[in-house]
Amino acid sequence: MSNEIEAIKDPGLPAHVHRRADTDPKAAKKAERQVAILFLLSALGTVTMIGSYIFIPQDIFIFFPVLGNTNAHQLFLGLGMAASLFFIGMGAIHWAKTLMPDEEVVIQRHEFRSPDEDRADFVATAKAGAAAAGLGRRSLIKRSLGLSLGLAGLSPLILLRDLGPLPKDELSKTSWKAGTRLVTDPGDRPIRAEDLEVGAVAQTLPEIAKGGHRALSDIGKDAVLLIRLRPEEFNLDAERLSWTHEGIIAFSKICSHMGCAVALYEQQTKHLLCPCHQSTFDVTRAAKVIFGPAARPLPQLAITVDSEGYLIAKQPFTEPVGPSFWERSS
Amino acid sequence: MKRLSRFRRHRAVAPLLLVLALFSIGTTFSVAGAATSTPISAAEKSALIDEGKQLFLKGCSSCHGLNAEGGGIAPSLIGVGAASVDFQVATGRMPMADMSTQAMRKKPVYNEKQVEALAAYVASLAPGPEVPGESQLNYERDGSAAQGGELFRTNCAMCHNFAGQGGALTQGKYAPSVMGVEPRHIYEAMITGPQSMPVFSDKTITPAEKLSIIKWIKAAEAEPQLGGAALGRVGPVTEGLLVWTLGLGLLVGVAVWLAMKAR
Amino acid sequence: MTARERIAGSVANYVDERTGAAAWMKKNLNKVFPDHWSFLLGEIALYSFVILLLSGTFLTFWFDPSQREVIYDGGYQPLSGLKMSAAYASTLHISFEVRGGLLMRQIHHWAALIFMAAIVVHLMRVYFTGAFRKPREFNWIIGVGLLTLGIVEGFLGYSLPDDLLSGTGIRIAEAIIQALPLVGSYLAFFAFGGAFPGEAFIPRIYTVHVLLLPGAFLALITVHLMLVWYQKHTQYPGPGRTEKNVVGYPLLPVYMAKAGGFFFIVFGVTAFLGAVASINPIWLYGPYTPGQISAGSQPDWYMGWLDGLVRMAPPLETHAFGHTISWNILIPGLIVPGILFTGMALYPFIESWMTGDKREHHLLDRPRNAPNRTALGVMSLTFMLVALINGGNDIIATTFHLTINQIMWFSRIAIFVLPPLSFVITKRLCLSLQRADRDLVLHGRETGRLVMMPHGEFVEVHEPISPEKAWLLTQHEQNPALALDENDSRGVRRPGALKNKLRARLSKAHAVAVPKVTAEDLKEIEHH
């Protein structure tokens, strides 16, 4: 750098210090033995591994402190493998360190920058090539080539179109219709209002025809949580109150934030917590968000009972369930 | 394939190494503490209720009120039933040691007989869920672990974690671990909904299904370490911690040795 | 000439006559590599990748990447008779019926965690020593690319078994795709072949996980290594080490034995972890269904910071003109990570713009001698660490008897406060260390021996440090800040004055240093 200040001098590479093994044949012999022992340990590991594979049944468990009651087959297979590999490495490194030449070598770096001559030649060649092709002059060719390359690049995207159907209104629909019974998940049993005590919850799904199949993508939209409170504990407007039945309130279980199942209900505080991102919803106020990243309440399902006293949906969800998406209007 | 299916019942000895029995340890003593369900005479019953009342007045009434009607800091116990008392007192949650966020499991203050008396007294105030009898709790016979697992994951895992290790609730409350809990108490918790826990009614989760849940919990509890140290069975957090400490620690240690000049 | 030598000679002859490789081999077998433990961090990542290829191939022999519904009839009793996807069932099969299958699964997963951790520490080493400077900017960008791909590859990998935890992760990924303005729901439906979860996703990410991304990794790693080879490795400063040379051990035999041995070490340690510590026990998680969830659902650690950011995001959504924009997802899930990773990739260019330094660098910086860079690095790490901690807030809350709400609020504030604070502290720390270096060179090492002077005063004896040490502490360059005047010589405001002003300020901040000791300083002190 700047020459006006005199820097401290580089004393140069320190003198090489010989290892014991370089000067003392005994030490060298000892190092050799150590390397051999390490390699033999590896062989022992491989034998352990093969032996464990063949002779230790998969249903034997042995106790080890810290690990607990551990599957012996898996443990010894793994430990054998670990030893067989680890000690090869240790042996090789120990060998390199103690017996291979350890004089440090100095080589010079080459400069990456090409000589000016070459650079000038390169530029000239490139220019000459471009001029010969006439790309600069023939703008029609240039533009049409650009167009065709661009379009050709787009075509793979077109080919990906059939990866899936268009969403249409799928994200806004669920299987719930007016009159759909709520059934237990799992078990598929219809539920009467009196089946739930105050403070009780039930995980529910819409009833399906006997022998019908419930796809996971249906559960992903249809899962509903039933909660029974004392009716006087609600703090709802008249419409939302009319969506409840004798203190039973139903919410979509699919988080309005990122779609995890929100089913963590605290009976005393009447709060619902999503274990994924800790959005907290107040059940008494129609699942209003009181903490965490969720921006919308959980959609409420209007419920009532049918002639046999079973809980049914009064109407479908009035808004899309689950996480937000661009086309969502509220 | 079949080899593995037997592992839960297997007691085997590995050569050269101390071998432990696996499975049924947790379950053998679990039924031992179950409350008696033999019918007792009316006189005996009223004596029990009396004893319970005395215990209640001494140990509980300062918070729950002289007639268990509740107070500013403690709820009314009228109608909570014997099951609730048995759960809260026999697991040591009540009496509470301090008025912290939530009562936790600890060594019970009252012995079995006293718990029974307290339960009888509270049950005499108003009807409520009863302590399940031994015959109701034969989960080994009446339960199915696989079905129980499915029920557990739908109804319990969101608070108690996939392996029943417990988890965090809001404001410092937590769902405790369900490991090592007596089947009777698990059952009582489901029907009474203690503290933050909601009630799981018999119609939405039938008694048979509850036994399945217990059977699965007991299976999870007794499950040996199939793949080595369980790391608390809490998922990727401890795995990440181990990789940054032990994993990288070992590798960097070897790297330092590798680059050191031999003497 | 022994028989062995004759054979070796004829093989070499055979190869050389067909490829002309002898000249190239001669040159490259004598290639010199500097020795330092921190130069092995990247090797850990490389070897983990090889382990991932090997163990992953093993797993593909039994894994069935299908979301077809099957009834489980395998050996693990607590799941028997349950409905699950073929992917999940075949993972159980690998774990319980294939001997060594669980070991391989665990090795594969541990190797993935080590791979990512090694990439991160390697990146930290490269950053804090300034190894990314010219001519190695491209390799830095490739490295950032590998890190990014690694996160994606890891996520896809642990998603494949289709268990309850990973299914929850996919659900969240779907929500992020769905949150994209304009195209979100279309992209989500294309990716999943319809509504979430559908039956197409696992087979698709399987192809990406085992073919597309490993291919990309191989290509990028090859270029990464070729550049290291061609440009030669950087080295730490020290006596005899200059910008023009490389001091180390030749490839053959020392470096080859050490590096080859280290591969086995990495494999051995990974196998050890696979043997003694359970990872991703999918049989406990259960099969995925959208109606279930476990408390404490977290991603693997390298995604944990993302989850932590999402958790602490404010509940912001815009509803306008019949459309919804989820800022609570877009900001923490895409915008902030996008800025961070772009900034990281461009950092070599930003630094050279700030300092005006366009020269080649092959000698590494000691972190204290680049206080601004070091402070910026610590600041970024602090940011990541706060986010990561928040990503595990529920586990931390139950372990340390805190509340998730407290940790969340702590993180929300700390993510803004702690990074700048750590910047200031680190910068000061670096300058203090520089000052300590200066004192050491000027006054020597404190010996702890006290000597009483004739007039009764006690002084501690200082020993001069070795010339090697003195050189190490003073060899670094101290460049003045860029002189960027706002006005030109005639007092006219220059175009782009604002940009220049910013650049001048950054340059000034970057050049802050405690003046290093010069030979003159030493001479002066001798006269006293």
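**Ground rules.** I noted that residues are numbered from 1 along each chain as its sequence is written, while chains are lettered from A and ligands numbered from 1 in the order in which they are written. Since the model is predicted, I kept in mind that local features need pLDDT of at least 70 and that side-chain atom pairs count only at pLDDT 80 or more, whereas totals for chains, interfaces and linings use all residues.

**Chain A as a whole.** I looked up the secondary structure of chain A and found seven helices and 14 strands; helices (H or I, at least four residues) and strands (E, at least two) are DSSP runs, numbered from the N terminus. The radius of gyration of chain A is 37 Å, well over the 20 Å that the globule rule gives for 330 residues, so chain A is more spread out than a compact globule. That radius is taken over C-alpha atoms, and the globule rule is 2.2 Å times the number of residues to the power 0.38. I also recorded that the C-alpha trace spans about 100 × 80 × 55 Å along its principal axes.

Of the 330 residues of chain A, 42% count as buried, where buried asks for 20 or more other C-beta atoms within 10 Å of the residue's own, exposed for 12 or fewer, and partly exposed lies in between, with C-beta atoms placed from the backbone.

I followed helix α5(A), residues 139-159, which has 21 residues and reaches 31 Å from its first C-alpha to its last, close to the 30 Å expected; the expected span is 1.5 Å times one less than the number of residues. The number of buried residues in α5(A) is zero, so this helix lies largely in the open.

I then turned to L99(A), which sits in the loop between α3 and β3 of chain A and counts as buried with 20 C-beta neighbours inside 10 Å. L99(A) touches A21(A), A28(A), A31(A) and E32(A), leaving aside residues up to four places away in sequence, and two residues are in contact if their C-beta atoms, placed from the backbone, lie within 7 Å. The C-alpha atoms of L99(A) and R20(A) are separated by 9.9 Å, although these residues are 79 apart along the chain.

**A sheet in chain A.** I traced an open sheet of four strands in the order β8-β9-β10-β11 of chain A, with antiparallel pairing; two strands pair if DSSP finds at least two bridges between them. β8 (264-266) and β11 (288-291) of chain A stand at the edges with a single partner strand each, so one side of each is left without a neighbour in the sheet. Three bridges join β10(A), residues 280-282, to β11(A), and D282(A) stands opposite K288(A) in β11(A).

I found twelve helices and two strands in chain B, and 49% of its 263 residues count as buried. Among contacts in chain B between residues at least 6 apart in sequence, 67% join residues at least 24 apart.

At the interface, 43 residues of chain B are in contact with 46 residues of chain A. The elements giving two or more residues to this side of chain B are α1 (2-5), α8 (145-155) and α9 (157-160) of chain B, and the largest share, four residues, comes from α8(B).
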